[in-house]
Amino acid sequence: MSAKASIRIVELLERARIEGDWTHVSQYAEQLPREYSVLKFVSLGECLLEGQQNGKISYNSLHLAKDYINKALNTKNDREGQYYKEAMLLQAKTCYIQGKFQDCLDILDKVDMESLRKDVLTFKLATLAE
């Protein structure tokens, strides 16, 4: 896959994530090349956590989401530092869902929320400008 095609899939994926279009998120994530593996795993984990109806999540979906999130956290790729932070936030969310509140707080203490906020805001503004 060409670099230009990869960038286009990333853009489509990010737009679908912002809009909460979980059907397309999983489709785009599966098309990502290997160098975007952290983004792929974060997106698939988020899709399972956020895409549930009525706010209820099954045990199997939660377990699969945790697997994707752990894969994202165990993938070493400096190009995707923002997605690593997002994976940590999703991991904190899974701890919260499971009632492991202290684990959730411990994870949140490790995340630099201010830099994450700036990254997300910059991306959203760039997406809106298109």
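The model on your screen is predicted.

**Stop 1: the whole chain.** Select the protein chain. Its secondary structure comes to seven helices and zero strands. Follow the chain along the sequence and the pattern reads α-α-α-α-α-α-α. Of the 130 residues, 38% are buried. Now think about contacts between residues at least 6 apart in sequence: 56% of these join residues at least 24 apart.

**Stop 2: confidence.** Colour the chain by pLDDT. The average is 82, and 81% of the residues score at least 70. Select α2, residues 22-31: confidence is highest here, at a mean of 91. Then select α7, residues 113-129, where confidence is lowest, at a mean of 60.

**Stop 3: a helix pair.** Select α3 (residues 37-50) together with α4 (residues 59-74). How far apart are their axes, and at what angle do the helices pack? The axes lie 8 Å apart, and the angle is about 160 degrees. That angle is over the 145 cut-off, so α3 and α4 are roughly antiparallel to each other. Their crossing is left-handed.

**Stop 4: the contact.** Show side chains on both helices. On α3, pick V38, F41, V42, L44, G45, L48 and L49. On α4, pick S61, L62, L64, A65, Y68, I69, K71 and A72. Together these residues make the contact. Which classes do they fall into? Colour by class to see 12 nonpolar, two polar and one charged.

Terms used. Residues numbered from 1 in each chain as written. Predicted model: local features only at pLDDT ≥ 70, side-chain atom pairs only at ≥ 80, totals over all residues. Heavy atoms only, no water. Axes fitted to C-alpha atoms, helices over the stretch in contact; angles between N-to-C directions. Helix = DSSP H or I, 4+ residues; strand = E, 2+ residues; numbered from the N terminus. Parallel < 35°, antiparallel > 145°, perpendicular 65-115°, else oblique. Left-handed = near helix turned anticlockwise from the far one by under 90°. Contact = heavy atoms within 4.5 Å. Nonpolar A, V, L, I, M, F, W, Y, C, P; charged D, E, K, R; others polar. pLDDT = per-residue confidence, 0-100. Buried < 20%, exposed > 50% of the residue type's maximum accessible area, 1.4 Å probe, protein only.
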